[in-house]
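I opened my notebook to look up a few things in this structure, one entry at a time. Before I write anything down, I want the sequence and the model in view.

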Amino acid sequence: MVSPSADALDGLQRTTSYEDGTLVRVFCMRTNRDAYPSGWAYKLHYGRTEPNPPETIAGGTIRRYDNSHEATKGHELHVAPQSEPEIIAFPGMTELWNRFWSEIPKSEFELP
């Protein structure tokens, strides 16, 4: 699949549930808010629809990239069963999108 452009990711919000009880929920938006020095607010979440410790952590997360606390904590990678996130360098939205999809066992969403 061809890498999406940053423009294609801007404003994207989508959730897909799968028959195996997992889901992918993504949100990407450009922003100029001080809370997001990178210029992006995002969550790239792969998890279970029903939390199942220790397979998942809070919110049913198996793997999630987010920058909910970017200004204070940076960019985070949450991976079950670890309770504490790993702080990562933000490579850019397109690069992070590609990394996320390469690390989960689901096919990338087709974008309009």
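In which loop is Pro54 found? I located Pro54 in the loop between strand S3 (40-48) and S4, and I noted that the peptide bond joining Pro53 and Pro54 is cis, with omega about 0°.

Entry on the source. I am working with a predicted model, in which local features need pLDDT of at least 70 and side-chain atom pairs count only at pLDDT 80 or more, while totals for chains, interfaces and linings use all residues. Residues are numbered from 1 along each chain as its sequence is written, and side-chain values use heavy atoms, with hydrogens and water left out.

Entry on the fold. I found two helices and six strands in the protein, where helices (H or I, at least four residues) and strands (E, at least two) are DSSP runs numbered from the N terminus. Read from the N terminus on, the elements follow the order α-β-β-β-β-β-β-α.

Entry on overall dimensions. The C-alpha trace spans about 35 × 35 × 20 Å along its principal axes.

Among contacts (heavy atoms within 4.5 Å) between residues at least 6 apart in sequence, 45% join residues at least 24 apart.

Entry on Glu70. I found Glu70 in the loop between strand S4 (61-66) and strand S5 (75-79). Is Glu70 buried or exposed? Glu70 counts as buried, because its relative accessibility is 9%. The side chain of Glu70 makes a polar contact of 2.7 Å with the side chain of Asn67, and another of 3.2 Å with the side chain of His75; a polar contact is a pair of N or O atoms within 3.5 Å, and within protein one must be able to donate a hydrogen and the other to accept it, with residues adjacent in sequence counting only if both atoms are side-chain atoms. Setting aside neighbours within four places in sequence, I listed Ala35, Tyr36, Pro37, Ser38, Trp40 and His75 as the residues in contact with Glu70. Pro37 is 33 residues from Glu70 along the chain, and their C-alpha atoms are separated by 7.3 Å.

Entry on Ala71. I placed Ala71 in the loop between S4 and S5, and Ala71 counts as exposed because its relative accessibility is 51%. Beyond neighbours within four places in sequence, Ala71 is in contact with Asp34, Ala35 and Pro37.

Entry on Gly11. I found Gly11 in the loop between helix H1 (6-9) and strand S1 (12-17). With 55% relative accessibility, Gly11 counts as exposed, and, not counting residues up to four places away in sequence, Gly11 touches Cys28 and Met29.

Entry on Pro81. I looked up the bond from Ala80 to Pro81, and this peptide bond is cis with omega near 10°. Pro81 has its place in the loop between S5 and strand S6 (86-88).

How values were computed: Buried means under 20% relative accessible area, exposed over 50%, partly exposed in between (1.4 Å probe, protein chains only).
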